Every structure is written in C-alpha cells, then in structure tokens.
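Hi there,

Here is the structure we talked about, with the sequence alongside. Have a look at it first, and then read on for what turned up.

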There are 2 protein chains.
Amino acid sequence: MTTLAQPLIQDKRPRGRPRKTLDERDDGNRRHQLLQCAARLFRRKGFGATTTRDIAAAVGMHSGSPFYHFKSKNDLLYAVMEEGMRSALERQDKAMQANATGRADEPMMQIRLLMRAHFDVLLGPGNDFIPVMLYESRALNARQRSALAALQSEYEAAWVPVLEALHASGRLQTPAALARLLILGALNWSVQWFDRKKAASLEDLTDAAMTLFFAEPA
Amino acid sequence: MTTLAQPLIQDKRPRGRPRKTLDERDDGNRRHQLLQCAARLFRRKGFGATTTRDIAAAVGMHSGSPFYHFKSKNDLLYAVMEEGMRSALERQDKAMQANATGRADEPMMQIRLLMRAHFDVLLGPGNDFIPVMLYESRALNARQRSALAALQSEYEAAWVPVLEALHASGRLQTPAALARLLILGALNWSVQWFDRKKAASLEDLTDAAMTLFFAEPA
DNA sequence: CCTACCGATCGGTAGG
DNA sequence: CCTACCGATCGGTAGG
C-alpha cells in the first residue's frame, strides 16, 4: 500500500462547494476571504488548533492554495491582526473626527467616544480580527510582534491626552497610564462574555463603563 | 531507509539531564511537576504550540511518559486549570477569613480584600495556572468546560454580595452584575502587562484599582 | 516510567 | 489556484 499504488482520483477534494461564483472571481477578493475565514477559525479554535486545510476548505480552496496568497500560516495570522488594527484605527479616527464639530474639547465627551468606538472594534458584527489579536499574539515572531506593537501604540495614543486631561482636572484620580491599562482591560475582556443576542446594546455598555469609571455617563 | 533498518540505539533520549534526584523520587510529586511545567509552557507558547514532548523534556521524562500520569494532552490542560482554580479558591477563602476578625462587614474593605487576593492569584510568583485558564479555555471539551465553569462560579460568588451591597449603598452606581464583569476584566487583563520586575507592588495596584472604581483606596 | 514504535496529520512545495 | 506529494512531527500506545 505505497502511495504509488493509487493511480486513480483520490476523493480528497472538497466537493459540493460552489466555487468561482461571480463575486468571488475577482483579484484580491480571495485574499480577503482567506483573512475573514482565518480570523473566524483562529478565534473559535485557536491558532494552533486551526489547520491551513480548515481555512482552505472554509473558502472553497484546496489544501495547498492558501500558500499562494500567504507565505506561511504565521504570515496569515499576522495579516489578520494587522487588518484588525488598521480597521480599528480607521474606526477610531472616524469617531474622533465626527466629534470635531461638537464639544470636541471636552475630555468627558472624548473618553466616551473612545470607549464607544472601542466597543465597536471589539464587539461589532464580524469583528473576529481584534479578538484574535488579543489572544494569539504569542504565536508571532519578534519582527511581527514589534510591528504590531507600533500599531497598538498608535491606537492607544489617542487615549493618552484625554486621560491626562481627566486626571489633571481631578475627574480621574488614578494616574493616566495605569488608568488606561485598567480601563482598556475591562473593555477588552468583554469579548469573553458579551453576547450580541442577549446583552444590552453597545451604547448601554458604554454608559455602564462610563458610570463605573467616572461616576456619570457623560 | 525503513524504520527496521535502524537496530542501534537511537539518540532520541534527552541526555545530560539529571533524573531521580532525591526530592524528585517521590510519588505524586512527578505529577505535580508535570502540571507546573505544562502550565509554564502552555502560558508561554500556547496549548496548541506546546507538544507533550516539550513537557516531558521539561521534567526530564521521555516522550511517552506523561501519558502514564495523564490520559491525554487535553486532560493535562484541564488538570492545570482545575489546579489553578482550586488554589485560587483557597487563597480567596483565606483572605476573607483573615478579615473576619477585622472590619468584616464593611463592603469597601471586603471588595479590597477580594481584589487584592485576585491580583495574588493572577500575578503571584509561579502562578501560570490561572493565566492558562484565562486564555486557553477554547481547547476544553464540553464536559471539562462546564466543570470549570462551576469552579469559576464558586469563585465569583464571593464578589456578588459585596458588589450588591456597594450598589445598594450608592457607592457603586453600575449594576452589580455588570460591574463584576468589568472589574474582573480590568484585573484579569493585568496578566498581559504586569511586570513583577518593573511595576508597582500588588498593594499599589490594588490601591489604583480601588481608586479607579470607587474613588478611594478604602 | 522507559522502549520502541505507529498512524495520522500537518505545513509547505514543485510544477503546471 | 490545483495536483500530487513529502518530510517532519505529533499524540498516543503496547509491553515491559
């Protein structure tokens, strides 16, 4: 029973799965499908327990094909995290710009917008990218890790002046740096328990967090 | 080059590693060493990326020997988490009993003791068990998951009446259930950034958290 | 707990 | 992006 003794077609290809429909035929579309499916699987099963075959099957490819788009499984993981951070930064920027016409200089308003945007990033529909980033960073190599850290610093940089203003005004008694770690932690943990079907809205969640940290929803 | 063509001793055994020193020879001691090393490796590399061979080598066993102590790699993971929860419950109980002679009925004192004990559980030296539990629960099967959930509920049960008392007195404006999730999240996240070599003491950390949530260290 | 091993699977690749 | 495949590794086991 050597491998040479199997000249006929092996039934290893995923059958019955529609491929090459109109909206899939495009260019980098397949790459993004891989990212999306990888994110979902990495989140549900963990990076180590997800095989590249799982991911290939999820988008209707054969087992070797993901490596046409990504050099390695590890590169795919990093791409998921990078994509997550880029869209998080975009959403955060948008939230702060929308505020520019309103009470832009009120720290309580700003911190609320930051928290609300962060809940969006963490819990918005189809957002598996950031949860993967939060729980699978160990699997990155040194170069990937520092590249990701730069994006994370950029993201958290928006929080710093706001928290410092709140601290200076006495509204926040904890030092800004420590407060940022504790507050972001409280929010990040919500990916573990928040249930979009049962729990309150993200707006309610933001109210609750504002009240907990600043004694009023602002 | 079949496997039968290698009659001589294969150099696959870990050499130069001291085995059977005096304090290792005992009974269930080896089992606990496996737990300890597994916890450290699971935390550093993740469950999926840790091999049973890694663990065996870390305690000076050969590759098949961990399975004498644990039925499967998965059982080993669960044992790590269970051990973590049992010691966490023990530490929490001890903290609350020590308080019984003091201002036992003051919620602000009680929540402080709970938070301080929790930081011990999360960040105390050699405590890799709970961090593993926090980040690798996905790998558990349904039965293991529900068994662990029971222990976690028991642990969190101590927080409920305290937070409810604080809410009733107006000291905590967020509903108790939501406050518990947010506060435990803020604390749990500290395993990601706390550095025993650089950061403040656990006592200082507790002060900061108390101030953030309740506007005074109590 | 070691010896010696296996079946299965996995990440990855050459060539088209 | 598929075909066809490989080398390496991994969890696990029988027998002692």
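Let me start with one residue, Glu136(A), which sits in helix α6 of chain A (helices, H or I, of at least four residues and strands, E, of at least two are DSSP runs, numbered from the N terminus). Before going further, some housekeeping: this is a predicted model, in which local features need pLDDT of at least 70 and side-chain atom pairs count only at pLDDT 80 or more, while totals for chains, interfaces and linings use all residues. Residues are numbered from 1 along each chain as its sequence is written, chains are lettered from A and ligands numbered from 1 in the order in which they are written, and side-chain values use heavy atoms, with hydrogens and water left out.

**Glu136(A)**

Is Glu136(A) buried or exposed? Its relative accessibility is 6%, so Glu136(A) counts as buried (buried is under 20% relative accessible area, exposed over 50%, partly exposed in between, with a 1.4 Å probe and protein chains only). The side chain of Glu136(A) makes a polar contact of 2.6 Å with the side chain of Arg138(B). The term covers a pair of N or O atoms within 3.5 Å; within protein, one must be able to donate a hydrogen and the other to accept it, and residues adjacent in sequence count only if both atoms are side-chain atoms. The Glu136(A) side chain also reaches the backbone nitrogen of Phe47(A), at 3.3 Å. Neighbours within four places in sequence aside, Glu136(A) is in contact (heavy atoms within 4.5 Å) with Phe42(A), Gly46(A), Phe47(A), Leu77(A), Met81(A) and Arg138(B).

**Asn127(B)**

On chain B, Asn127(B) is found in the loop between α5 and α6. With a relative accessibility of 14%, Asn127(B) counts as buried. A polar atom of its side chain lies 2.8 Å from the backbone oxygen of Val121(B). Not counting residues up to four places away in sequence, Asn127(B) touches Arg43(B), Arg91(B), Asp120(B), Val121(B) and Leu122(B).

**How the two chains are related**

The same surface serves both copies, with 100% of the contact residues of chain A recurring in chain B.

**Pockets**

On a 1 Å grid over the protein atoms alone, a pocket is an open set of points with protein on both sides within 12 Å along at least five of seven lines, a cavity is a set where a 1.4 Å probe fits but cannot get out, and lining residues have an atom within 4 Å of a point. Grid points are joined across faces, edges and corners, and a volume is the space filled by probe spheres set on the points.

The largest pocket holds about 1100 Å³ of space. It is lined by 40 residues, and the closest to its centre are Trp189(A), Gln192(A), Trp193(A), Leu134(B) and Ser137(B). Which element gives the most to this lining? That is α7(B), with 6 residues. By class, the lining of the largest pocket has 22 nonpolar, 8 polar and 10 charged residues (Ala, Val, Leu, Ile, Met, Phe, Trp, Tyr, Cys and Pro count as nonpolar, Asp, Glu, Lys and Arg as charged, and the others, Gly among them, as polar).

The second largest pocket has a volume of about 920 Å³. Of its 33 lining residues, Leu134(A), Ser137(A), Gln152(A), Trp189(B) and Gln192(B) are the closest to the centre. Here α7(A) gives the most, again with 6 residues, and the lining divides into 20 nonpolar, 5 polar and 8 charged residues.

**Cavities**

There are 2 cavities of 30 Å³ or more. The largest cavity has about 40 Å³ of space, and its lining consists of Thr52(B), Ile55(B), Pro66(B), Phe67(B), Phe70(B), Ser72(B), Lys73(B) and Leu76(B). The second largest cavity, with about 30 Å³, is lined by Thr52(A), Pro66(A), Phe67(A), Phe70(A), Ser72(A), Lys73(A) and Leu76(A).

Best wishes
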